[in-house]
Amino acid sequence: MFRGRRGGNVGLMLLFFQILNFGLNNIPPVTLAVLGLNIYLFFNPYKPLQYACISVHESYYHDDWQRLLLSPFHHADDWHLYFNMMSLLWKGTKLEQRLGSILFAIIVFVFSQLTGAVYLMVQLFLARYMDDPLYTLQCAVGFSGVLFALKVLNNHYHPGGAYNFFGFLIPNKYSCWAELVAIHFLAPGTSFVGHLSGILVGLLFVHGPLGQILTAAAPLFNSGRAARRGNVRYDGGRPESRVRDNNTPGDINVHTRGLSEEEQLQQAIRNSLNERGQHASRPLSPEEIRRRRLNRFDR
């Protein structure tokens with residue numbers, strides 16, 4: 001999340017170059033759709049930033065809950081968009097390939113709304129605990145809160161490794177906290193609470209009930225296709241990539257009895273000849289056999 005104004009076009013040029021260099025065919029569908037939505041709303045914002053950003057004063061006190069939906073997908077300037085979308089390109093591709101498109105789409109949508117809700121709660125708590133109404137006026141916008149939540153998931157599903165933090169190697173599972181502090185000091189215009197909210201949402205998924213709820217909900221969105229193509233199995237949040245069709249090899253063998261196509265054809269011919277023999281009431285005379293043979297050649 002970020003507070004600022006729209007800048008030049010250098011960030012956009014770099015973003016398009018990086019996407020084309022990565023390859024559109026290499027970007028999973030949900031990640032590509034979210035990228036496209038953010039870029040589209042940057043060129044054609046649904047509302048100006050001052051009416052799209054989220055704050056306690058506007059969203060909670062004035063019941064403007066539409067900001068909860070709009071704020072994650074609007075950006076302050078082209079560099080803000082560039083860094084967020086490059087992070088999404090990397091994290092989204094890895095997680096969507098790991099979790100499957102349906103579950104990943106649910107996660108992105110829920111995270112985008114839940115991160116904003118947690119942001120409001122934390123800001124409201126700070127305003128009352130610190131007795132400082134300025135916390136209620138701070139207005140945040142951008143996708144970075146969701147990206148911090150996705151970073152927690154990415155570190156969970158791809159454990160191991162270390163993060164080079166100014167020369168210090170920090171285990172990846174703690175890297176989100178290091179980035180939270182680093183971005184706060186290196187980029188003062190960013191929203192510390194917005195990024196913190198993303199981390200809290202990610203932890204709620206990994207260590208709380210949110211992960212089980214969303215994983216259990218994913219097959220419901222696939223029920224229509226599953227009814228036509230078979231059942232999609234989920235194991236601990238991992239959707240199986242193999243979908244079992246109604247006509248599986250095991251089911252086919254029940255009808256073909258393990259015969260090859262040539263053997264099935266020969267069996268069908270024999271069955272047809274046997275059926276004809278069963279319906280024959282009398283043996284055919286040589287004259288009748290000759291007549292039927294001539295009729296076949298005439299046809």
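Me: Where is Asp63 found?
Reply: Asp63 sits in the loop between H4 and H5. This is a predicted model.

Me: How do you know whether Asp131 is buried or exposed?
Reply: Exposed needs over 50%. Asp131 has a relative accessible area of 67%, so Asp131 is exposed.

Me: What makes the pair of side chains of Asp64 and Arg67 a polar contact?
Reply: The limit is 3.5 Å between N or O atoms, with one able to donate a hydrogen and the other to accept it. The side chains of Asp64 and Arg67 make such a contact at 2.8 Å. Asp64 is in the loop between helix H4 (56-61) and H5. Asp64 also touches Glu58 and Ser59, leaving aside residues up to four places away in sequence.

Me: What does the side chain of His74 reach?
Reply: The backbone oxygen of Leu70, at 2.9 Å. A polar atom of the His74 side chain also lies 3.1 Å from the backbone nitrogen of Tyr46. Not counting residues up to four places away in sequence, His74 touches several residues, including Leu41, Pro45, Ala52 and Val141.

Me: How do you know whether H10 and H11 are roughly parallel or antiparallel?
Reply: Their axes come within 10 Å and cross at roughly 170 degrees. The cut-off for roughly antiparallel is over 145 degrees. H10 and H11 are therefore roughly antiparallel to each other.

Me: What is the make-up of the contact of H10 with H11?
Reply: On the H10 side are Cys176, Trp177, Leu180, Ile183 and His184; they meet Phe192, His195, Leu196, Ile199 and Leu203 in H11. These residues divide into eight nonpolar, two polar and no charged.

Me: What makes up the largest nonpolar core?
Reply: It has 54 residues, and Ile107, Phe111, Phe143, Leu150 and Phe205 are those with the most contacts inside it. Elements giving two or more residues to this core include helix H1 (10-22), helix H2 (29-43) and helix H12 (210-221). H7 gives the most, with twelve residues. Apart from this core lies another, of five residues, among them Leu49, Cys53, Ala76 and Cys139.

Me: Which residues does Phe205 touch?
Reply: Ile107, Phe111, Leu153, Tyr157, Leu210, Gly211 and Leu214, not counting residues up to four places away in sequence.

Me: What share of the protein chain is buried?
Reply: Buried residues make up 41% of the 299 residues. The chain has 16 helices and four strands. Among contacts with a separation of 6 or more, 73% join residues 24 or more positions apart.

How values were computed. Residues are numbered from 1 along each chain as its sequence is written. This is a predicted model: local features need pLDDT of at least 70, side-chain atom pairs count only at pLDDT 80 or more; totals for chains, interfaces and linings use all residues. Side-chain values use heavy atoms; hydrogens and water are left out. Contact means heavy atoms within 4.5 Å. A nonpolar core is a set of buried Ala, Val, Leu, Ile, Met, Phe, Trp, Tyr and Cys residues joined through side-chain atoms within 4.5 Å. Buried means under 20% relative accessible area, exposed over 50%, partly exposed in between (1.4 Å probe, protein chains only). Axes are lines fitted to C-alpha atoms, for helices over the stretch in contact, and angles run from 0 to 180 degrees between N-to-C directions. Angles under 35 degrees count as roughly parallel, over 145 as roughly antiparallel, 65 to 115 as roughly perpendicular and the rest as oblique. Ala, Val, Leu, Ile, Met, Phe, Trp, Tyr, Cys and Pro count as nonpolar, Asp, Glu, Lys and Arg as charged, and the others, Gly among them, as polar.
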